[in-house]
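Here are my notes from a pass through the model, jotted down point by point. Have the viewer open while you read.

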Amino acid sequence: SGKKEGLSKFVASMINEGTKSDGAVGFARKLEDSAINLSASTGNETFVFEMGSLKEQFPKGVKLLSKLLNEPNFTKESLEKIKFLSKSMIKQKEDDFDYIAELNLRKILFPDTPLAHSFIGTKESIESITIKDVEDFYKNHIVLKRLVVVIGGDVDKKKAKEYIKNIVSNLKVGKSDKLPFFKTTKTPTTKEVYKDTKQAYI
């Protein structure tokens, strides 16, 4: 997610705030009215848009996805909302022992690499994210060169290609970078992390 930890997940959360013209509530209402599921999410090496609906609502879902790609709600209001929600999640994770163990294990196995960073970011990294950071990430990563499309269900191949063209017609070509390979450290390490808790946990 670049130099700012948690940026990719932050951008996905911003995208889930709908479009500039409809706003978060208006766009969500359009999806709900037609029982369309549409969301953005991230993995360690992926940024995913997912859209699902009944067959008769699929063309509308395609139009809404295309609209979302063309005018995501990258506004100051959405930025502040996602900062608040992200920092709340980080606070909750401070008592999530599975998360703490996983993060520290990755720090041991992959020191000084992106894999050693928290995918949700830190309070400091989240607070430092700007609209420009979000727009630059979107412009550089949501591009045709990085695109993989999967369509399933009751739709023929010719129609599926038409849908894809409509969805991605305004995306820039961009460039595709080769994913780096990170080797695990060969140095045996033990790390103990102590947290105050009122619960028993194994």
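Before the points, one term: a polar contact is a pair of N or O atoms within 3.5 Å; within protein, one must be able to donate a hydrogen and the other to accept it, and residues adjacent in sequence count only if both atoms are side-chain atoms. This is a predicted model, with local features needing pLDDT of at least 70 and side-chain atom pairs counting only at pLDDT 80 or more, while totals for chains, interfaces and linings use all residues. Residues are numbered from 1 along each chain as its sequence is written, and side-chain values use heavy atoms, with hydrogens and water left out.

1. Let's start with D133, which sits in helix α7. (Helices, H or I of at least four residues, and strands, E of at least two, are DSSP runs numbered from the N terminus.) Its side chain makes a polar contact of 2.6 Å with the side chain of K4. A polar atom of the D133 side chain also lies 2.9 Å from the backbone nitrogen of T130. Is D133 buried or exposed? At 18% relative accessibility D133 counts as buried, where buried means under 20% relative accessible area, exposed over 50%, and partly exposed in between (1.4 Å probe, protein chains only). Neighbours within four places in sequence aside, D133 is in contact (heavy atoms within 4.5 Å) with K4, L7 and S128.

2. On to the nonpolar core, meaning a set of buried Ala, Val, Leu, Ile, Met, Phe, Trp, Tyr and Cys residues joined through side-chain atoms within 4.5 Å. The largest one has 37 residues, and F10, L38 and V134 have the most contacts inside it. At least two residues of this core come from each of α1 (7-15), α2 (23-33), β1 (37-42), α3 (58-70), α4 (76-93), α5 (97-109), α7 (131-141) and α8 (157-168). As general background, nonpolar side chains in soluble globular proteins tend to be buried together. If you click on F10, look for L79, I82, K83, S86, I126, I129 and V134, its contacts once neighbours within four places in sequence are set aside.

3. Next, the aromatics. Rings of Phe, Tyr and Trp (its six-membered ring) pair if their centres lie within 6.5 Å; planes under 30 degrees apart count as stacked, over 60 as edge-to-face and the rest as tilted. How many aromatic pairs does a search of the whole structure find? There are 5. One of them is F58 with Y163: the ring centres are 5.1 Å apart and the planes are at 70 degrees, so this pair is edge-to-face. F58 is in helix α3 and Y163 in helix α8, so the pair links distant parts of the chain, 105 residues apart.

4. F74 and Y138 make another edge-to-face pair, 5.4 Å centre to centre with 80 degrees between the planes. Since F74 lies in the loop between α3 and α4 and Y138 in helix α7, the pair ties together parts that are 64 residues apart in sequence. Both residues are buried. Separately, F47, F49 and F137 form one aromatic cluster.

5. F49 also turns up in the strands: it is the bridge partner, in β2, of A40. β1 and β2 (residues 47-52) run antiparallel and are joined by 6 bridges, where two strands pair if DSSP finds at least two bridges between them. A hairpin connects β1 to β2 through 4 residues.

6. Leaving out neighbours within four places in sequence, S66 is in contact with N166 and I167.

7. Last, the salt bridges: a side-chain nitrogen of Lys or Arg within 4 Å of a carboxyl oxygen of Asp or Glu. By this rule the count is 15. Within helix α5, R106 and E102 are 4 residues apart, about one turn of the helix, and their closest N and O atoms are 3.6 Å apart in a salt bridge. R106 is buried at 15%, whereas E102 is partly exposed at 41%. In helix α7, K139 and D136 are 3 residues apart and form a salt bridge at 3.9 Å; K139 is partly exposed at 42%, and D136 is partly exposed at 24%. Salt bridges that share partners also join D22, K30 and K67 into one network.
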